[in-house]
Amino acid sequence: MALLEVKDLEVYYGVICALKGISFQVNEGEIVALIGANGAGKTTMMQSVVGIIPKKSGVVTFDGTDITKTPCHKIVKLGMTQVPEGRRIFQELTVYENLMMGAFTKNDQKQFKDDLDKMFDLFPRLKERRNQIAGTLSGGEQQMLAMSRALMSNPKLLMLDEPSMGLAPILVDQIFDIIKELHKAGTTILLVEQNANKALQIADRAYVLETGSIMLSGTGAELAQSDAVRKAYLGG
C-alpha cells in the first residue's frame with residue numbers, strides 16, 4: 001500500500017521549471033531512495049511534498065489523504081517529518097531543548113519521556129550532551145540531533161534530505177547504519193541522497209532524478225547494477 005504517492009508534480013521558480021511532472025510512490029515499510037546529481041531537483045521535490053515550496057500542478061497523497069494544499073505544520077501532525085538538508089537544528093538551544101521542539105505535536109508527558117529515552121538509546125552520544133548547546137556539536141552529532149528531533153514526533157514517514165552531506169566517511173557509515181536500524185524498527189523512509197552508492201545499498205526501491213525529471217526506477221539492487229547509473233553516479 002502506498003503511504004506517499006506523488007503524481008505529475010510540477011514546480012516552477014519564476015519561469016524556470018524545476019520539477020517536470022514527476023511521479024513516484026513510497027510504500028509502507030520501505031526505504032525508497034531518490035538519487036541524482038547536485039542541482040537535479042531532489043531538495044526541491046522534498047520541500048514541495050511537505051508544503052514548503054508551492055506546487056504549480058500535481059497531486060500529493062499521504063496515508064490516503066490529499067495533502068497537495070495542506071500547510072507544512074499540519075503535514076507534520078499527519079505523520080510526515082523531514083530532516084532537511086544542512087540539518088537546520090536550533091543552534092542556540094540545547095540538545096534537550098531541540099528534542100522538545102521535535103515533540104511539539106505531542107502533549108503526553110509520559111510519551112515524551114519514553115520517546116526521549118528511545119532517542120538516547122539510539123543516539124547515546126546525544127544523551128551525554130543533552131545539556132550542551134546544539135551549535136557546538138560536531139557535524140555528525142548535529143545530524144544525529146536533526147534525525148532524533150524528527151523522530152520525536154513518531155512519524156509514519158521519515159524524509160531524509162542528504163543526511164551524509166559534509167560528514168567524514170566513518171560518520172557516513174554510522175548514519176546509514178542508524179537509517180537501517182530505524183527501518184528495521186518499522187519506520188518508512190524516503191531518502192534523498194547524493195551518495196548513490198550508499199543509498200542503493202539500503203534501498204528497497206529507488207528513483208533517479210535528472211534535471212527535474214525521473215529518468216530511471218527500480219529496486220536498489222537493479223539500479224546499482226545499471227550501466228547508466230554506475231557510469232553517472234557510482235564511478236564505474
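Author: Two strands pair if DSSP finds at least two bridges between them, and strands (E, at least two residues) and helices (H or I, at least four) are DSSP runs numbered from the N terminus. This is a predicted model, in which local features need pLDDT of at least 70, side-chain atom pairs count only at pLDDT 80 or more, and totals for chains, interfaces and linings use all residues. Residues are numbered from 1 along each chain as its sequence is written, and side-chain values use heavy atoms, leaving out hydrogens and water.

Reader: What makes β2 and β5 edge strands?

Author: The open sheet has the order β2-β1-β4-β5, with antiparallel pairing. β2 (16-27) and β5 (65-66) each have a single partner strand, so one side of each is left without a neighbour in the sheet.

Reader: Why are α3 and α4 called oblique?

Author: Helix α3 (residues 95-102) and helix α4 (residues 109-122) pack at about 125 degrees. Angles under 35 degrees count as roughly parallel, over 145 as roughly antiparallel, 65 to 115 as roughly perpendicular and the rest as oblique, and α3 and α4 are therefore oblique to each other.

Reader: Which residues meet there?

Author: Tyr96, Leu99 and Met100 in α3 meet Phe112, Leu116 and Phe120 in α4, where contact means heavy atoms within 4.5 Å.

Key: Axes are lines fitted to C-alpha atoms, for helices over the stretch in contact, and angles run from 0 to 180 degrees between N-to-C directions.
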